[in-house]
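Subject: Structure handover

Hello,

Here is the structure I promised to pass on to you. Please have it open while you read my notes below.

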Amino acid sequence: MRYEAPDSIEGAVGLLARTPGACHVLAGGTDLLVRLRSETLEPETILDIKRIPGMHEITPEDGGWRIGAAVSGAQINEHDGLCADWPGVAEAVGLIGSTQIQGRATLAGNLCNASPAADSVPAMVAAGALARIAGPDGTRDVPVAEVPTGPGKTSLDTGEFIASIFLPARPERSGDAYLRFIPRTEMDIAVVGCAVSLTLDADSTVDSARVALGAVGPTVVEVETAAEALVGTQVREGAQQQLATVCSAAARPIDDKRGTEHFRTHVAGVLARRAAAIAYARAKGDRA
Amino acid sequence: MSQIHVTTTINGDATEFLCEPEETLLDVLRDRLGLTGSKEGCGTGDCGACSVTVDGRLVCSCLMLGAEAQGARVETIEGMADGDDLHPLQQTFLDHAGLQCGICTPGILVAAKSLLERNPAPSEEEVRYWLAGNLCRCTGYDKIVRAVMAAADDMRRAS
């Protein structure tokens, strides 16, 4: 195995293009090193992107935030501006693993690992986040939802890697939230996850919404019928019931040791209504 | 395959080492530098026995390559005591019997020190959440948590 640590995006793309054999990108390494150790991956080259300028930075851009691919969960949760704008994304990434894992784990890595149960991915989808993908033809921005294509699989082409995640400007009167179900209080993998992001009009009625579910299908599921259930409402009981019904209907979970299909389907609806209530309170400016 | 030359700072000392690309920072600390205080429990980032700080950030040294330590400031359990003077956390772990077999102890001390540097007066809940990535199979955690709370008290009084 070789270890390469280029100091520019162009250098990284060049190495990805001309390195023979399997080349894996290393950001936080919390998934990659486990796979190296278990020998489920035996790459010829590890490409460490952490020496590329900007990879560790959270920078304001067009009213939103650009988050470098090596920014850790701990860094995100220590960033007051980002946490104020996108508390749901911050809490989702903050749920991943222990303090030690938070010191290294990244949004971009969580996305590229492509686990259906990835906590930060539904939150990024609900937030309308874009992944900036660097490759031989320059960079392209794609919605986060288009990156995972199945368990462990992404739409990235050979020679491409995610250089940053962009969280757009948060509109006035908007809020987001992420909840997951696990059988313990922390340090576990989501049995179901749900993120809700919504924007209100001047009289506190939902003007637009995005709802995404995790761990109930091979990839993150954006539930458009859930957005329809929220728009035009004040997220009262009737709207919450309708939201739960459509989220359960959109869930296509598997049965496994962590949860049955029946349970996951039910919990998708329960989490959706709870997350919507939190997002709504945040949008109204209530502390939640 | 050629080895990688890495220049780093470990417990305040400028340190250079050569390592293979696949060697973890934990491998380097233990097998190349003789710093065997950091333990390998699981090797997959679940148990925290290999906890160190890198540029002030608590991490599992088993989840980081040695080569990634280039230019970094690494702190391990070996840097915790000041000569023969134990760190207050080390003393309260002895006073409260916060260890039995001792394998998890270096990692827990490093993690607890990192907590108290950020939060000198943590609640019990904050201690438990912060240390959730450090597994102990002997003590049941209560004595560990009490030892950390006592050290926080001692350190606040001393400052």
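A word on domains to begin with: their bounds come from an automatic or database domain assignment. This is a predicted model, in which local features need pLDDT of at least 70 and side-chain atom pairs count only at pLDDT 80 or more, while totals for chains, interfaces and linings use all residues. Residues are numbered from 1 along each chain as its sequence is written, and chains are lettered from A and ligands numbered from 1 in the order in which they are written.

Let's start with chain B. It splits into domain 1 (4-79) and domain 2 (88-158), and the C-alpha centres of these two domains of chain B are 21 Å apart. Where they touch, domain 1 of chain B contributes 13 residues and domain 2 of chain B contributes 11 residues; a contact here is a pair of residues whose C-beta atoms, placed from the backbone, lie within 7 Å. On the domain 1 side, strand β3 (residues 51-54) of chain B gives the most, with 3 residues. Strands (E, at least two residues) and helices (H or I, at least four) are DSSP runs, numbered from the N terminus.

One residue to look at is A72(B), in the loop between β4 and β5 (73-75) of chain B. Setting aside neighbours within four places in sequence, A72(B) is in contact with T8(B), V54(B) and D55(B).

Next, the contact between the chains. Chain B puts in 23 residues and chain A 21 residues. On the chain B side, β4 (57-60) and α4 (124-130) each supply at least two residues, and β4(B) gives the most, with 4 residues.

Finally, chain A has an open sheet of 4 antiparallel strands in the order β11-β12-β13-β14. Strands pair if DSSP finds at least two bridges between them. The edge strands, β11 (174-181) and β14 (221-222) of chain A, each pair on one side only. Strand β13 (residues 206-214) of chain A joins β14(A) over 2 bridges in the antiparallel sense, and L213(A) stands opposite V221(A) in β14(A).

Enjoy exploring!

Best wishes

Terms used
Two residues are in contact if their C-beta atoms, placed from the backbone, lie within 7 Å.
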